[in-house]
Amino acid sequence: MLRTSIRYAFLLIALGFGGWAVAGQWDDVLAGFAGLSWPAVGASLVMVVAALLAAMLIWRTLLSDLGSPLPLRAAAKVFFVGQLGKYIPGAIWPVLAQMEMGRDLGVPRSRSAAAFFLMMPVQLATGLLVALVTLGWDRYGWLLLFLPLLLVLLEPKVVNGVIGYALRRFGREPLERPLTRRGMLAAFGWALAGWTAYGVHFFFIAPQGGPIFATGAFALSWCLGILTFVVPAGAGVREAAMVGVLSPHLAAGPAIAVALTSRVVLIVGDLICAGMAGIASRRH
């Protein structure tokens, strides 16, 4: 109860500061929105859907490597519907939803949980790497501090040891199949494809720095937002980071408009993917 209260309080504080920042730049924010075109926003949404599909394929690849391959439609339904839980304070809701829906398809809860928790470091490691390569060493060389830890944690032998220890602590049976290096590399490939799509999405609404800069700016903002797991889906944190990263190319007002537009497009993308996956699975 206390943790839930803290999360809601943190969310309200973040939203309060965000609202104050928007109000202080209101005229510039409106001008920033006016500078966006509907075709660009629509194209941005298409690329977000592509990026979310890549994220689903990361999860499906990891789950398959652990011994539970799922058909594409079934995997999409479990992943996308479960991911809507990330908008609730606390990081537990998406994994609980995926565990329960996966169980109906014969996936052991332990495998669903393992795939979910493995997906996060895969995206973080590749996102930080993309940000470092695209944004430059001079300003963002400090990202190197995080990469060695993430890469060590993604070594299959280390991962299998950590998963085995966690399952023993909770009195669960060990995984029947350990994670392999081939599976991890395939997940890395889908993650890089996802960052490319996210970069194009961001470039459509913030083209000032070019597509390479847009890819790095979004990747860094996403990683900083997701690290603040106390806030649902990194609400407020990602936008603040985005405004800061965009500062060499955009003033605060237009940058806020871009950040808010990106957030709305991402939410709509989540809803579209969940709806389409549910409809496709029901028809099948």
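Tutor: Helix α3 and helix α10 (residues 181–205) pack at an angle of about 170 degrees, with axes 8 Å apart. That makes α3 roughly antiparallel to α10 (the label for angles over 145 degrees; under 35 is roughly parallel, 65 to 115 roughly perpendicular, and the rest oblique). Their contact residues divide into 22 nonpolar, 5 polar and 1 charged. Here Ala, Val, Leu, Ile, Met, Phe, Trp, Tyr, Cys and Pro count as nonpolar, Asp, Glu, Lys and Arg as charged, and the others, Gly among them, as polar.

Student: Before I go on, where does the model come from, and how are the axes and helices defined?
Tutor: This is a predicted model, where local features need pLDDT of at least 70 and side-chain atom pairs count only at pLDDT 80 or more, while totals for chains, interfaces and linings use all residues. Residues are numbered from 1 along each chain as its sequence is written, and side-chain values use heavy atoms, leaving out hydrogens and water. Axes are lines fitted to C-alpha atoms, for helices over the stretch in contact, and angles run from 0 to 180 degrees between N-to-C directions. Helices are DSSP runs (H or I, at least four residues), numbered from the N terminus.

Student: What does α3 pack against at about 105 degrees?
Tutor: That's helix α4 (residues 72–83), with the axes 10 Å apart. The two are therefore roughly perpendicular to each other. In contact (heavy atoms within 4.5 Å), α3 residues including L52, M56 and R60 meet α4 residues including L72, F79 and F80. By class, this contact has 12 nonpolar, no polar and 1 charged residues.

Student: And how do α3 and α6 cross?
Tutor: The axes of α3 (residues 38–65) and α6 (residues 109–135) come within 9 Å and cross at roughly 130 degrees. That makes α3 oblique to α6. Among the residues that meet are W59 and L62 in α3, and F116 and M119 in α6. This contact divides into 10 nonpolar, 2 polar and 1 charged.
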